[in-house]
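Please keep the sequence and the model in view while reading.

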Amino acid sequence: MDLGVELVVVGFVRDGAGDVVRMRRVRGRARGRGMESEKMSEPVRTKIQLRFCDTDALGHINNTVFTQYSELGRMDLFAAAGAQVTSLILARIAVDFVRQVQLDDEVVVESRIAKIGKTSIVVAQELLADGEVAAKMECVVVYFDYDAQRPAPVPGTWREAFGFAEEV
């Protein structure tokens with residue numbers, strides 16, 4: 001089923017200093033899924049460019065930057081569904097650290113929607129270093145009406161795009 005949502009996935013290529021040197025856009029159409037078992041079962045994968053400034057005195061990636069990597073993954077996840085993130089605020093983030101990450105590791109954040117409530121969305125993420133789970137993260141974002149200064153219902157088009165159309 002065509003949801004009438006145009007997907008625009010934006011990918012950034014960064015140089016060694018972390019500056020954006022090229023931007024890539026991919027266009028398409030969002031298609032709904034009719035069965036519960038087909039909810040965006042494949043996570044959105046975000047390759048992370050590690051920087052020397054991400055390391056600490058012990059030479060591994062400092063745990064404080066894992067939340068920044070989580071944010072990059074969330075942005076890609078919502079972009080994959082064509083969702084504008086201007087009305088989302090982060091309400092909670094939890095990180096379970098599994099193993100150290102080194103500067104020369106290849107790092108990917110896998111992100112998926114775990115649940116959509118009335119006004120909130122739970123994002124489950126795994127940070128992989130050289131293919132091994134290095135951290136598990138769970139984020140709760142709230143759809144927010146900045147004019148009224150309070151949470152607002154998650155739009156139906158978002159629910160459909162993520163395969164949660166029938167839930168509340």
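A contact is defined here as heavy atoms within 4.5 Å. Among contacts in the protein chain between residues at least 6 apart in sequence, 61% join residues at least 24 apart. The structure is a predicted model, in which local features need pLDDT of at least 70 and side-chain atom pairs count only at pLDDT 80 or more, while totals for chains, interfaces and linings use all residues. Residues are numbered from 1 along each chain as its sequence is written, and side-chain values use heavy atoms, with hydrogens and water left out.

**Overall architecture**

The protein chain contains 2 helices and 8 strands; these are DSSP runs (helices: H or I, at least four residues; strands: E, at least two), numbered from the N terminus. Along the sequence, their order is β-β-β-α-β-β-β-β-β-α. Of the 168 residues in the protein chain, 39% are buried. Buried means under 20% relative accessible area, exposed means over 50%, and partly exposed lies in between (1.4 Å probe, protein chains only). The protein chain exposes about 9,700 Å², of which carbon and sulfur atoms supply 49%; such areas come from the Shrake-Rupley method with a 1.4 Å probe, and for residues only the protein chains shown count as cover.

**Nonpolar cores**

In soluble globular proteins, nonpolar side chains tend to be buried together. A nonpolar core is here a set of buried Ala, Val, Leu, Ile, Met, Phe, Trp, Tyr and Cys residues joined through side-chain atoms within 4.5 Å. The largest such core has 19 residues, and Phe78, Ile113, Ile116, Ile121, Val123, Trp158 and Phe162 touch the most other members. At least two residues of this core come from each of α1 (66-80), β5 (107-116), β6, β7 (132-145) and α2 (156-162). Apart from it lies another core, of 14 residues, including Ile48, Leu50, Ala134 and Ala135.

Leaving aside neighbours within four places in sequence, Trp158 is in contact with Phe78, Ala83, Gln84, Leu88, Ile121 and Tyr143.

**The setting of Ser120**

Ser120 belongs to strand β6 (residues 120-129). Is Ser120 buried or partly exposed? Ser120 counts as partly exposed because its relative accessibility is 22%. With neighbours within four places in sequence left aside, Ser120 is in contact with Lys115, Val140, Val141, Val142 and Val154. Ser120 and Ala152 are 32 residues apart in sequence, and their C-alpha atoms are 8.7 Å apart in space.

**Salt bridges**

Side chains of opposite charge can pair when their charged atoms come close. A salt bridge is a side-chain nitrogen of Lys or Arg within 4 Å of a carboxyl oxygen of Asp or Glu. The whole structure holds 5 salt bridges, among them those tabulated here.

| Salt bridge | N to O distance |
|---|---|
| Arg51 and Asp54 | 3.0 Å |
| Arg92 and Glu138 | 3.0 Å |
| Arg99 and Asp105 | 3.8 Å |

Glu138 in strand β7 and Arg92 in strand β4 (residues 88-97) are 46 residues apart, and the pair links distant parts of the chain. Glu138 is partly exposed at 34% relative accessibility, and Arg92 is partly exposed at 40%.

Arg51 counts as partly exposed at 28% relative accessibility, whereas Asp54 counts as buried at 2%. Arg99 is partly exposed, with a relative accessible area of 26%, whereas Asp105 is buried, with a relative accessible area of 11%. Salt bridges that share partners join Arg99, Asp105 and Glu132 into one network.
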